[in-house]
Amino acid sequence: IPLTLLIVLGPLGKHNFSEPLYFGPNCDNGCETSDYQISDFAFVNQNNQLINRDSLMGKIWVAAFVDFEDPNLPKITERLLIPNFKFRMEPDISIICFDPNGYSDTAAVKAYVTQNLRYSNNKAKWQFLQGDPAAMAAFFRNGFLIEDLKNEAVFRLVDEAGHIRGLYGNTEYHFENLMEDVAILNKKRKIKRGY
């Protein structure tokens, strides 16, 4: 009987998932809705291509704040390999790393990203952005509303309209929540687009 009910009611039942909250200047703990969008930015990626907010509109992206010389980089990389692989067939889901210190060895950064892209068929999925440290700090403060990276969550989730939809630490629990939230936003995006 339970199996019959699942077969009959499964396709007919409505599956509702609560969407990730919005974060902005007036909703530090999350709001049901917000007009706040991250501010524009312009930094170069590992291939010396300019990436800005407009180039990411229409995409869901995981923002990671990664000091290339941080001893925690391997752990952060290990976490980022999960969405890189899980969403490898989703061209509109990206990983965007921001280097707050403007690490200058672009060859090393390119090698790092290339090595990690071997798990994805989309070469644009993982961008490692670099720029002037002062410009980065201003963007973190004015765009992501981060005052001090040392005391802030490591990851942010940004939806296709540039809204901040989640703040996450570098623990397995936080990252599981991030992955679920990416999947929910992606499902809602697909429903809205009719596929």
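Colleague: Into how many nonpolar, polar and charged residues does the lining of the largest pocket divide?

Modeller: The lining of the largest pocket divides into twelve nonpolar, three polar and seven charged residues, where Ala, Val, Leu, Ile, Met, Phe, Trp, Tyr, Cys and Pro count as nonpolar, Asp, Glu, Lys and Arg as charged, and the others, Gly among them, as polar. This is a predicted model, in which local features need pLDDT of at least 70 and side-chain atom pairs count only at pLDDT 80 or more, while totals for chains, interfaces and linings use all residues. Residues are numbered from 1 along each chain as its sequence is written, and side-chain values use heavy atoms, with hydrogens and water left out.

Colleague: How is a pocket found, and which residues lie nearest the centre of the largest pocket?

Modeller: Rolling a probe the size of a water molecule over the atoms shows where empty space is left. On a 1 Å grid over the protein atoms alone, a pocket is an open set of points where a 1.4 Å probe fits, with protein on both sides within 12 Å along at least five of seven lines, and lining residues have an atom within 4 Å of a point. Of the 22 residues lining the largest pocket, Phe65, Pro100, Asp148, Leu149 and Lys150 lie nearest its centre, and helix H5 (residues 133-142) gives the most to that lining, with five residues.

Colleague: Which element gives the most to the lining of the second largest pocket?

Modeller: H6 does, with four residues, in a pocket that holds about 180 Å³ of space and whose lining has four nonpolar, one polar and seven charged residues. Ile60, Leu185 and Arg189 are among the lining residues of this second largest pocket.

Colleague: Which residues are buried on each side of E5?

Modeller: Ile60, Val62 and Ala64 are buried on one side of E5 and Trp61, Ala63 and Phe65 on the other.

Methods:
Helix = DSSP H or I, 4+ residues; strand = E, 2+ residues; numbered from the N terminus. Points joined across faces, edges and corners; volume = space filled by probe spheres on them. Buried < 20%, exposed > 50% of the residue type's maximum accessible area, 1.4 Å probe, protein only.
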